[in-house]
Amino acid sequence: MRGKILLAFVIGLSTWSAVVTAHDHEHASHVMAPAAPLPGTSIYNLTSSWTNQDGKRINLESLRGGPVVVAMGYTSCKDICAMIVADMVAIEDRMKKVPLPRINFAFFSLDSAVDTPERLSAYAKDHGLDLKDWMLFNGDDKAVRELAAALGVRYRRDASGGFDHSAIIIILDADGRIAAQQPDAQANTEEMVRKISALLSPTSH
Amino acid sequence: MAATTVAAMERASPIPAMVSIPAGDFTPFFQEGPGKGSARTINAPVRIHAFRLDALPVSNLQFLDFVREHPEWRRSRIKPLFADHHYLENWHSDLALPDEKAASEPVTNVSWFAAEAYCEARGLRLPTTERWEYALADRGRQQREVKQQSLDWFSRPNPKRPGAIGGGKANGYGVYDLVGLVWEWTLDHSSFMTGTEQRNTSSKDDAAFCGSGSIGVSDATNYPAFMRYAMRSSLKANYAMENVGFRCEGDE
């Protein structure tokens, strides 16, 4: 997984440094320097650790380096969660058609007990998720609680063992700041793609 | 040190830091509808396991000890992800309370993240809404007084300072100040979702929920309970408000 993130990062860097080099050669070397401190509003300030669909432990900061499209849900959810994932895939398909670096998609499970890495891996396969840019995460109760609080996702276990939860898609910028949030029921792929493209375009910085 | 507040010192026997809350059945105020695959019916009680609860809200003095040991939670170092710019703004500086009196007043202007970090540093956690409400329900003891006290509290304008903790009467479990001093953070403060509670989001968000969403209440005449749930759910985890404090919960 680290490799995939790194790859996305390197691709991002090459586009970025090409532009930077054209303007100011000296600054290009700074791009390769150790990462600057995280902005205070970055979600990546959360130190909780997560396990991905391959059973690898990661911390959130390793997602740093490019925009990430994020949602929280749980795999045994039949209705809206599947819609959220479908809407994220629509963004992914649309982004593949534009000449911009690949971005990452992250699904964080609310269901610590049920959504084991194996289960997440099976879910990814069943839904045809491209693991070149998708990551699915399991975390403990505390990790889930803190991430949900930071992202503004409300959730609550219901009587049938599932969850009532906000269905929102969140776009994080390269440093993990919330760049956009959209209730899924109104997911507008074109608008989301526009917002991501703006984040990827160096002229917007 | 924990319970050695001015108010406590004036008592014959000091207030213990934490009290035991025995197990029992409790009918939560907010109820799930018997929707989608749920066999549960309205007004079904839930079993609450025994737990320990701080007898008093956390004081400024206690919170000062915490930030002394955990510099990342000092006012000048706090990250905006974890608390907004009102964080501890009523203090004189990072490590100085406004005056001596403040030591025995409940800490306010603390975010959910900061409250959780404080409890965790003590090996505790924030109480769940259900357990907090269970402690307030006090096995039905003095509930009319509690309700009246709540209504009186709501009808008073917010005072400049909340007043000293432990000044009033303990409930049947030995818990003080659940009502009348400050609102309190709970672990899952934002998890009770109804249309009217989404005040921080656009009205279009009514469609933005996954799940039954049909929530009823066990006693529609319980105005103070509506107020408590509405207040909690209006908070975001990084809000630091002048009338919101907290206490911690632990295993029995």
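Predicted model: local features only at pLDDT ≥ 70, side-chain atom pairs only at ≥ 80, totals over all residues.
**Chain A as a whole**

Select chain A. Its secondary structure comes to six helices and nine strands. Buried residues make up 41% of its 205 residues. Of the contacts in chain A with a separation of 6 or more, 69% are between residues 24 or more positions apart.

**The seven-stranded sheet**

Show the strands of chain A. Seven of them form an open sheet in the order 2-1-5-4-3-8-9, and the pairing is mixed. At the edges are strand 2 (57-59) and strand 9 (178-183) of chain A, each of which pairs on one side only. Neighbouring strands of this sheet are turned by 30° against each other on average, direction ignored.

Now pick strand 1 (residues 49-52) and strand 5 (residues 134-138) of chain A. These strands run antiparallel and are joined by two bridges. To see where they pair, select A:Asn52; the bridge partner of A:Asn52 in strand 5 is A:Phe137.

**Helices across the strands**

Helix 4 lies across strand 1, strand 4 (104-109) and strand 5 of chain A, and runs at about 150° to strand 5.

**The largest nonpolar core**

Select the residues with the most contacts inside the largest nonpolar core: A:Val69, A:Val70, A:Ala106, A:Leu151, B:Val110, B:Ala114 and B:Ala115. This core has 104 residues. Helix 5 (residues 141-151) of chain A gives the most to it, with seven residues.

Centre the view on A:Val69. Leaving out residues up to four places away in sequence, A:Val69 touches A:Met88, A:Ile91, A:Ile103, A:Phe105, A:Ile169 and A:Ile171. Apart from this core lies another, of five residues, among them B:Phe29, B:Phe30, B:Phe192 and B:Ala225. In soluble globular proteins, nonpolar side chains tend to be buried together.

**Helix 6 of chain A**

Go to helix 6 (residues 189-200) of chain A. This helix has 12 residues and reaches 16 Å from its first C-alpha to its last, close to the 16 Å expected at 1.5 Å a residue. Which residues of helix 6 of chain A are buried? Select A:Met192, A:Ile196 and A:Leu200. Looking down the axis of helix 6 of chain A, the buried residues fall within an arc of 80°, so they line one face of the helix. On the other side of this helix, A:Glu190 and A:Arg194 are exposed.

**Chain B**

Move to chain B and select B:Phe226, which is in helix 6 (residues 223-234) of chain B. Why is B:Phe226 partly exposed? It has 16 other C-beta atoms within 10 Å, and a residue is buried only if 20 or more lie within that distance, and exposed if 12 or fewer do.

The last stop is a sheet in chain B. Three strands form this open sheet in the order 1-5-10, with antiparallel pairing. Strand 1 (18-21) and strand 10 (249-251) of chain B are the edge strands, each pairing on one side only. Neighbouring strands are turned by 30° against each other on average, direction ignored. Three bridges join strand 5 (residues 51-54) of chain B to strand 10 of chain B. Select B:Phe51 to finish; opposite it, in strand 10 of chain B, stands B:Asp251.

Key: Residues numbered from 1 in each chain as written. Chains lettered and ligands numbered in written order. Helix = DSSP H or I, 4+ residues; strand = E, 2+ residues; numbered from the N terminus. Expected span 1.5 Å × (residues − 1). Arc of directions from axis to C-beta. Core = buried A, V, L, I, M, F, W, Y, C linked by C-beta atoms within 7 Å. Contact = placed C-beta atoms within 7 Å. Pairing = 2+ DSSP bridges. Axes fitted to C-alpha atoms, helices over the stretch in contact; angles between N-to-C directions.
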